[in-house]
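Me: I have a model open and want to talk through how it packs. Can you walk me through it?

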Amino acid sequence: MEVTIQLNPAHNQLELFGPADNHLRLLRQSLGVQITARQTNLTITGKEKNVNTTAKIIDRMQKHLLKHGSLTAADVTLFLTRGDSSITDKTIAVYSNKKVIQPSTKGQLKYVKTMLANDLTFCIGPAGTGKTYLAVAIAVSMLKKKQIRRIVLARPAVEAGEKLGFLPGDVQAKVNPYLRPLFDALEDMMDFEQMKKFMELDIIEIIPLAFMRGRTLNEAIIICDEAQNTSPLQMLMVLTRLGQGSKMIITG
């Protein structure tokens, strides 16, 4: 199969192709295609699937160059490892501009779409796969767009195999160590002063699971993290907290 791409004449081809055509060489070696450049045209030859993937990555490279003004071999390698550019185009809008939050895999993209489309989402997966982080990102994004009025983040107060004994301080000080992972995710998505203000106004609540009994949460997004540590009765209690106009995400 052969495809010809018309390049944007505004782009510096040296930046796009890389020093000594290094970026094109990366594409050739990784995808097993032939790439020939003639003026503002690029001709890609090879197997249909690989040619289509190469064309998508080159389009992504052009968009990146237009947006950031530069393109490195590391950027090209990242596009190659991520594959389908439709995944990386799904950016989640949060308050902080310091970090771009977007799904990195097809599984994460499906997770994001499921959270947006449904009132109740269960996500099960190993540690480090973005279950909590993406759930918090969706919650912050919906708050920013005024689709909800508050965020409730809940987590069982369970230690990781070690007994720490009695902790000093008031109730909040005692439960803070257990809720630290949720604070870490929030700090990536808004600055400290904004987070502090939202928590003072109860727009964002980070609470242990035990404090949810008897509540009905309307127009909120509720995230129950580390749900594998809950009992069947606790899970029933959590699920019945869902009120009108609310979403719930259970991760574990």
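Me: Which residues touch the most other members in the largest nonpolar core?
Reply: This is a predicted model. In its largest nonpolar core, of 33 residues, Ile-151 and Leu-186 touch the most other members.

Me: Which elements give two or more residues to this core?
Reply: Helix 6 (106–117), helix 7 (131–144), helix 8 (171–187) and helix 9 (192–200) do, along with strand 5, strand 6 and strand 7 (220–224). Helix 7 gives the most, with 9 residues.

Me: Back to Ile-151. What is Ile-151 in contact with, leaving aside neighbours within four places in sequence?
Reply: Ala-139, Val-140, Leu-143, Ile-203, Ile-204, Glu-205 and Ile-221.

Me: And what lies apart from that core?
Reply: Another core, of 21 residues. Ala-55, Val-76, Phe-79 and Leu-80 are among them.

Me: Now strand 6. How many of its residues are buried?
Reply: 5 of the 5, residues 204–208, so strand 6 is largely enclosed by the rest of the structure. Both faces are covered. Ile-204, Ile-206 and Pro-208 are buried on one side, Glu-205 and Ile-207 on the other.

Me: Do strand 5 and strand 6 pair in the parallel or antiparallel sense?
Reply: Parallel, over 5 bridges, with strand 5 spanning residues 150–155. Val-152 stands opposite Glu-205 in strand 6.

Me: Switching to cysteines. How many disulfides does the count come to?
Reply: The count comes to 0.

Me: Why does Cys-123 count as buried?
Reply: Because its relative accessibility is 13%, and the cut-off for buried is under 20%. Cys-224 also counts as buried, at 0%.

Methods:
Residues numbered from 1 in each chain as written. Predicted model: local features only at pLDDT ≥ 70, side-chain atom pairs only at ≥ 80, totals over all residues. Heavy atoms only, no water. Buried < 20%, exposed > 50% of the residue type's maximum accessible area, 1.4 Å probe, protein only. Helix = DSSP H or I, 4+ residues; strand = E, 2+ residues; numbered from the N terminus. Pairing = 2+ DSSP bridges. Disulfide = S-S within 2.5 Å. Core = buried A, V, L, I, M, F, W, Y, C linked by side-chain atoms within 4.5 Å. Contact = heavy atoms within 4.5 Å.
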